Amino acid sequence: MPLELRPNCECCDVDLPPDAEAFICSFECTWCASCAASLSMRCLNCGGELVRRPIRPPEKLRSAPPSSRRVTRALPCPGPR
Ligand SMILES: [Zn+2]
Ligand SMILES: [Zn+2]
């Protein structure tokens, strides 16, 4: 199973295309760089470590496209507005 490569930050809902700098936890909760920094690199949902999401090679995106399912938190997040 490839990474889901979610299209947005779960916190501030900014777009995170597959080549953007994004941070994920082991459950693939996905955060933009500024939210990950304001979360001290800990996932707000599971408390796990956030690591930089690897960039999938563009030619692989055809056979393994990124997710189009936007995931956002119901609860407010502490990130910058
Ligand atoms: Zn964000
Ligand atoms: Zn998580």
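Visitor: Where is Ser-40 found in the chain?

Guide: In this predicted model, Ser-40 lies in the loop that runs between helix 1 and strand 3 (51-52).

Visitor: Where is Met-41 found, and why is Met-41 called partly exposed?

Guide: Met-41 belongs to the loop between helix 1 and strand 3. The term "buried" requires 20 or more other C-beta atoms within 10 Å, "exposed" requires 12 or fewer, and "partly exposed" covers the range in between. Met-41 has 15 such atoms, so the residue is partly exposed.

Visitor: What makes up the chain as a whole, in helices and strands?

Guide: The chain has one helix and three strands. Following the sequence, their pattern is β-β-α-β.

Visitor: How do you know that the radius of gyration agrees with that of a compact globule?

Guide: For 81 residues, a compact globule would have a radius of gyration near 12 Å. The chain has 12 Å, so the two agree. Along the principal axes, the C-alpha atoms fill a box of roughly 35 × 20 × 20 Å.

Visitor: What share of the residues is buried?

Guide: Buried residues account for 27% of the 81 residues in the chain.

Visitor: What share of the contacts with a separation of 6 or more joins residues 24 or more positions apart?

Guide: That share is 52% in this chain.

Visitor: Which residues of the largest nonpolar core touch the most other members?

Guide: They are Trp-31, Cys-32 and Leu-50, in a core of 15 residues. At least two residues of this core come from each of strand 1 (22-24), strand 2 (30-32) and helix 1 (33-38). Strand 1 provides the largest share, three residues.

Visitor: Which residues does Trp-31 touch, leaving aside those up to four places away in sequence?

Guide: Contact here requires C-beta atoms within 7 Å. On that basis, Trp-31 touches Cys-9, Glu-10, Cys-11, Ala-22, Phe-23, Ala-36, Leu-39 and Leu-50. Leu-50, one of these partners, is also named with Trp-31 among the core residues that touch the most other members.

Definitions and conventions
Residues numbered from 1 in each chain as written. Chains lettered and ligands numbered in written order. Predicted model: local features only at pLDDT ≥ 70, side-chain atom pairs only at ≥ 80, totals over all residues. Core = buried A, V, L, I, M, F, W, Y, C linked by C-beta atoms within 7 Å. Helix = DSSP H or I, 4+ residues; strand = E, 2+ residues; numbered from the N terminus. Contact = placed C-beta atoms within 7 Å. Rg over C-alpha atoms; globule rule 2.2 N^0.38 Å.
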